[in-house]
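Dear colleague,

I am passing the structure below on to you, together with a short account of what turned up in it.

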Amino acid sequence: MAMKTFTCRVALGIAVLGLCAAGGELWALDNGVARTPPMGWNSWNKFHCDVSEDLIKQAADAMVSSGMKDAGYQFIVIDDCWQVSRDADGNIVPDPKRFPNGMKALADYVHSKGLKFGVYSDAGLRTCQGRPGGRGYEFQDARQYAAWGVDYLKYDWCNHGTQDSAASYSLMRDALEKSGRPIVFSLCEWGSTKPWLWAKDIGNLWRTTGDIEDKWEGRAKFDGLGVVQILDLQDGLQSYAGPGHWNDPDMLEVGNGGMTDTEYRAHFSMWCLLAAPLMAGNDIRSMTPDIRDILTNKEVIAVDQDPAGIEGHRVKRDGGLEVWSKQLADGGRAVALLNRTGAEAQITATWPEIGYPSDIRAKVRDLWEKKDLGEMHGSFSAQVPSHGVVMVTIKP
Ligand code: GLA
């Protein structure tokens with residue numbers, strides 16, 4: 001699985017760059033996974049340290065019974081706090097009370113549902129919640145994860161002291177490669193050292209910001225990042241994303257209770273427009289039908305999972321009224337009209353703003369109403385609710 005990456009690194013050394021270019025993108029991590037943005041569920045946003053074998057099994061069950069698996073969600077990821085210590089040989093030890101049957105049995109259960117299994121660790125000495133980190137144990141941990149059947153590793157950046165970020169994450173990348181198991185590698189250093197500039201050859205996704213909070217907007221600079229603050233921090237990063245290497249604006253808060261369904265629909269739409277990883281972060285065992293319908297809207301998910309892997313970006317900003325556009329593999333555009341203001345408003349996207357000549361006709365389809373709106377000429381306008389989106393595809 002690692003052949004192209006290896007070839008490319010050697011090739012740089014001997015300056016035969018043509019070898020790398022053959023067969024694909026120069027420098028992208030070539031572990032064969034996450035060709036479209038990963039989709040799954042992660043325990044952190046809702047459960048924090050309150051994780052257990054029962055919870056993870058129930059989340060796997062719910063991913064199937066809710067229709068999320070059918071909509072494309074795959075990974076069940078345990079975030080911080082599953083680990084308590086290392087044994088005398090340095091092996092990482094899962095909490096024996098919360099995970100009485102160990103991680104292999106849990107991974108087997110998740111796999112038996114047709115899903116994939118993920119865990120969390122940290123590139124520093126300790127995780128953000130003070131559990132043992134991976135520093136100094138990278139190859140031992142990677143071997144252990146592979147033996148358990150881990151398919152996804154989220155790797156955090158707390159307690160890293162003077163470590164260099166690119167070097168630390170490269171070491172774990174190499175360890176995962178050596179483990180022989182394809183494992184999605186999720187870098188979580190919060191954008192602090194601009195991973196979009198160096199991580200394409202190292203990770204499959206990298207966080208671009210600090211932690212999301214379950215709110216539309218942070219009130220002050222250090223009041224946590226709401227959905228719109230995170231959006232503002234994505235604009236300009238779009239050229240760094242592509243198949244196998246994604247910008248990660250953090251996990252979803254859809255369904256956690258701090259926003260209205262209109263805001264959650266906008267949050268979900270914008271993450272799909274950004275080709276963001278879609279990691280649900282709510283209690284998927286007990287969702288309302290409206291929340292389930294947001295998380296499983298296949299037409300909106302298809303925008304996220306479009307095989308071209310082109311991240312969308314903001315093409316117009318008029319006060320709190322915005323137009324975002326994402327080019328699709330079939331030449332069409334997904335367009336989100338986003339209203340950040342406190343009142344309903346009309347928003348217009350013109351064809352030149354989304355990269356079309358103004359005189360062509362194009363078919364417009366509303367992805368939330370699931371309705372064809374007919375052929376339009378030159379522009380598309382809609383009334384958009386406060387803190388809401390209208391999301392359409394526009395295809396000549
Ligand atoms: C950091 C990460 C979060 C979560 C916590 C766990 O804050 O950014 O996503 O993993 O650590 O402690």
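What distance separates the centres of domain 1 and domain 2, taken over C-alpha atoms? In this model, which is a predicted one, the two centres are 30 Å apart. The domain assignment of the protein chain places domain 1 at residues 30-304 and domain 2 at residues 314-395, and the contact draws on 23 residues from domain 1 and 22 residues from domain 2.

As for the extent of this interface, about 1900 Å² is buried between domain 1 and domain 2, and carbon and sulfur atoms account for 67% of that area. On the side of domain 1, Leu 273, Glu 299 and Val 303 together supply 29% of the area that this domain buries against domain 2, which is more than any other three residues give. Polar and charged pairs also occur here: across the interface of the two domains there are five salt bridges by the rule applied, and nine residue pairs in polar contact, with both residues at pLDDT 80 or more. Elsewhere in the list of charged pairs, Asp 235 forms a salt bridge with Arg 314, with 3.6 Å between the closest N and O atoms.

Turning to the ligand, 13 residues surround it, and the closest of them are Asp 79, Asp 80, Lys 154, Asp 156 and Asp 211. An N or O atom in the side chain of Asp 79 is 2.7 Å from an oxygen atom of the ligand, while for the side chain of Asp 156 the corresponding distance to a ligand oxygen atom is 2.8 Å. Trp 190 likewise has a polar side-chain atom 3.0 Å from an oxygen atom of the ligand. Taken alone, the ligand exposes 310 Å², of which the protein buries 94%.

With kind regards

Methods: Residues numbered from 1 in each chain as written. Predicted model: local features only at pLDDT ≥ 70, side-chain atom pairs only at ≥ 80, totals over all residues. Heavy atoms only, no water. Near = heavy atom within 4 Å. Polar contact = N/O pair within 3.5 Å; in protein donor to acceptor, adjacent residues only side chain to side chain. Areas by Shrake-Rupley, 256 points an atom, 1.4 Å probe, with all protein chains shown as cover. Domains from an automatic or database assignment. Contact = heavy atoms within 4.5 Å. Buried area = accessible area lost by both parts, 1.4 Å probe. Salt bridge = Lys/Arg side-chain N within 4 Å of Asp/Glu carboxyl O.
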